[in-house]
Amino acid sequence: VRAGAAIAAAILGLPIATIAIRAVGPGGLDALGHLAQTALPGELAVGALVAIGASALAALLALGGLASSIHDFPGRALLDRLALLPMLVPSWYLALVARELGAARGLAWLVLVLGVSGAPLVHLVVGAALRAVPSAYGDVLRLAGRSRAAAWHLAPLAFPALGATIALVALAAWADAPSARVLGVRTATVSALDQWSAREDASVGALLGLAVALPSLLVGFVALGRVARLGAGDDARASHERGVRVPLEGPRALLPWLLALPQLALGVVVPGAAIGAWTMARMPRVDLGTLGADAARTILVAGAGTLLAGLLALPIVHAIALAGRGARVAARLALLPFALPTVVLAVAVLWMTPGTSPVLAALADGVAPLVFAFGVHGAAVFVGAGLAALERAARGHVAVLRLVGRAGLGSFVAHLRPALGPSLGAAAAFVFLQALDDVSLSIVLAPFGAPSVAARVFQLAQVERVRDTAVWMTVLALLGVYPLVTLARLGESDSRR
Amino acid sequence: MRKRPWQLARLVGAVVVGAALAACARKPAAPREVRVLTDRTEAHVAPLFAEFERATGVHVVPVYLDKGLVARLESRPTEADLVVTKDADLLEIARKKGLLQPLDSEKVREAVPARFREPSGAYFSDAYRARAIFYSRERVKPEELSTYEALAEPKWKGRVCIRSGYHDYNLSLFGQMIEAYGAERTRAFVKGLRRNLARPPQGDDRGQARAIFEKTCDVAIANSYYMGIMLSSAEQRAWGEASAVFFPDQQQGGTFILRSGLALTKATGATDAAKALLERLVQPDVQDRIAAMTFAYPVAGKAPLSEVNQHLGEGQPEVARGVFRVREIPLDAIAARRDEVVRMLDEARFDQP
């Protein structure tokens, strides 16, 4: 069991090890010293500002979600679904829409775009945490005559989830390169990409990639560990009835809608209207054959990457269930590739699959590197989801499996299916959505003759043809509908379990 | 009944894994296929590839990259047969790294002048364009412009736009300046230009013309062929019409140019087909198509300058019907300056707000 987890963790650690090895080069330290004295401090500061600003804004924008999680009001389910819709549009496309519509440029716009993009995740996770609060809390509030201030009293219960998710949004903002490039903001991550492509010495790019990755690795290490334990409190486990539902009536019923209004306007109405209008105008000119092939290929690659992520994560979750503390180190290691900025991961995977070896060249041909990168990147999400599910499973369940000699991976998965299923399903939906929207990995590791929908959109938009990409963007959004619905449904049912 | 979702999941999983494995499997070397690694805009080269496919039956399989062309070639030298790049400086870097193989083609030697061919035959250019100055027709007179360096003067403070300094186009421009003017003058220019920017460097070259149209800035450094491309597009015509193109340094040695380039990779397994594609791209009719389609200056075409290109440089006494003085800097010299340029940009904090 431990060996399986160790192998999986080793595979997941390969990209970081590759970057670290490449960083040891003749020019690397010299160039980093030069950068540290010149551009790097400013780029790090801008990156930090973006991360802090975007995560704070995402928390503010998700207030409506917080309110809708503990109240009953007309249209609550609709609000919950609408608030997640921005997840269908990648942040870099929101940036393109903002630039196209209002000549948006600069730091403030980047913070706004990444905040709007991050808010649905906060809504989803914080909502799930609040829905896991025992319903008895609501009865207590009613008895104490404090129902009107239910949000105020229950909000602290969501603070761990809020903190962890805000850290995740900060992580995504720090690691972002495509949106920053669209809006002309030079963050440290953008700089890492430029230094890698502009300089001849690979060690410079590797060292800068490592430097950029370090803060995100630290944040990711803490934040992802927290997310993994969310919803696992003893109080919640002891309760059979979950979810506080404080009714809102009269004008107060509008409050969650008002709170959600900025997020719905910025993340749904404006981009939706723009993309819709451009799609209608461009539809007759689109080559449907190419579009269909791109879409099919995108689903295939994202699906294979998601599957690989699950396969890499399961041995680790299995080992944690059976081997406990020691395997948790492997779990923490497995979380790291998720924290690695995808532009850095892309370069690492490119270096890992050199064409100089015929065997590796054969492996590196086609979509394999891209599938590998998606798998490595997404495994952390599965590990986190698996750990959360384990925390909810009966503690004696695993011990009994071991006692009766049915502790193999197959039996483990089969017997813990009711607990693992929804969590892993939600993780799969999330990883699939991320793979659909990705451009950093998809362009650096692009297979010959096989661009993804997102890569095609990004490359066309780069030459100021944003409106011509609308049909492709609509298809990309439609591809994400089913996973998003699944994510919302499973997240909700999982939190009630 | 409870098992159904899992059975479905297994089935979907099996299909996805099977399809992915099939897609991952390396195709056998197909002589009727040429794999092209390119950082050029798809719309500019895809029609040429399609035409070659129709004429020869050889399938062209491209991959369109954004950044890191040489890094990808270096990491996977066997995956592509051909490299087609917007910036031939990159081919010089690839040559130095031993990633290219010489092309022995009489047709290419006949069609392409020697100055556009690497002496050992490692690569050649099919076209070039000027790294020019776009200026607002409304707010700037051509007499106000003269050299690249003049854009660093205080009178242009807050009036200049440019894309990222780290983009290949600007790395090449600044590298050429170091060769032509020396390092100190170029450093002063980079710092002065940085001071005069109306906004942090961003967008592509068309984005700079758009910024002039939107009155964000009055002048911009951009490639000459974007004028023709914008004027050919219904949506971008207004951006092009708001600007005019000025060829700088006409009295000081000539305007710097950027050369697009092509080369065979060292590991190509489809040499004949790849060679046929390279030879096709320098035939006069294709060169004329390149000129008509991209508004670049072909190295071997026979057609006269396009109507749009004939109007570039209007108002400049040294430029007659779009014909301007070119300052050619050897590609090996430009490539050798690349790291120095990056350091200069870092020192100037060129891309930062």
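User: Of the 497 residues of chain A, what percentage counts as buried?
Analyst: A friendly note before the number: this is a predicted model, where local features need pLDDT of at least 70, side-chain atom pairs count only at pLDDT 80 or more, and totals for chains, interfaces and linings use all residues. Residues are numbered from 1 along each chain as its sequence is written, chains are lettered from A and ligands numbered from 1 in the order in which they are written, and side-chain values use heavy atoms, without hydrogens and water. Buried means under 20% relative accessible area, exposed over 50%, and partly exposed in between (1.4 Å probe, protein chains only). For the 497 residues of chain A, the buried share is 62%.

User: How many helices and strands does chain A have?
Analyst: Both element types are DSSP runs numbered from the N terminus: helices are H or I with at least four residues, strands are E with at least two. On that basis, chain A has 26 helices and 2 strands.

User: Among contacts in chain A between residues at least 6 apart in sequence, what percentage joins residues at least 24 apart?
Analyst: A contact means heavy atoms within 4.5 Å. With the set limited to pairs at least 6 apart, the share joining residues at least 24 apart is 86%.

User: T306(A) is 72 residues from G378(A) in sequence; what is their C-alpha to C-alpha separation in space?
Analyst: T306(A) belongs to helix 16 (residues 288-323) of chain A, and its 7% relative accessibility is why it counts as buried. Leaving out residues up to four places away in sequence, T306(A) touches F382(A), A428(A), V431(A) and F432(A). From T306(A) to G378(A), the C-alpha to C-alpha separation is 6.8 Å.

User: How do helix 12 of chain A and helix 15 of chain B run relative to each other?
Analyst: Helix 12 (residues 188-198) of chain A packs on helix 15 (residues 338-348) of chain B at about 160°, with the axes 10 Å apart. Those axes are lines fitted to C-alpha atoms, for helices over the stretch in contact, and angles run from 0 to 180 degrees between N-to-C directions. Angles under 35 degrees count as roughly parallel, over 145 as roughly antiparallel, 65 to 115 as roughly perpendicular, and the rest as oblique. Helix 12 of chain A and helix 15 of chain B are therefore roughly antiparallel.

User: Into which classes do the residues of that contact between helix 12 of chain A and helix 15 of chain B divide?
Analyst: Helix 12 of chain A contributes Q195(A), S197(A) and A198(A), and helix 15 of chain B contributes R338(B), V342(B) and D346(B). Ala, Val, Leu, Ile, Met, Phe, Trp, Tyr, Cys and Pro count as nonpolar, Asp, Glu, Lys and Arg as charged, and the others, Gly among them, as polar. The contact residues divide into 2 nonpolar, 2 polar and 2 charged.

User: How many residues of helix 12 of chain A are buried?
Analyst: The buried list for helix 12 of chain A includes L193(A), D194(A) and W196(A). The helix is largely enclosed by the rest of the structure, because its buried count is 11 of the 11 residues.

User: Which residue just after helix 25 of chain A takes a positive phi?
Analyst: Helix 25 (residues 453-462) of chain A has 7 of its 10 residues buried, so it is largely enclosed by the rest of the structure. Among the buried ones are R456(A), F458(A) and A461(A). Just after this helix, the residue with a phi of about 60° is E464(A).

User: In strand 2 of chain B, which residue is the bridge partner of R35(B)?
Analyst: Strand 1 (residues 33-38) of chain B runs parallel to strand 2 of chain B, joined by 6 bridges; two strands pair if DSSP finds at least two bridges between them. In strand 2 (residues 59-64) of chain B, 5 of the 6 residues are buried. There, E33(B) is bridged to H59(B), and the partner of R35(B) is V61(B).

User: In strand 3 of chain B, which residue is the bridge partner of L37(B)?
Analyst: All 6 residues of strand 1 of chain B are buried, so the strand is largely enclosed by the rest of the structure. E33(B), R35(B) and L37(B) point one way and V34(B), V36(B) and T38(B) the other. Strand 1 also pairs in the parallel sense with strand 3 (residues 82-85) of chain B over 3 bridges, where the partner of L37(B) is V83(B).
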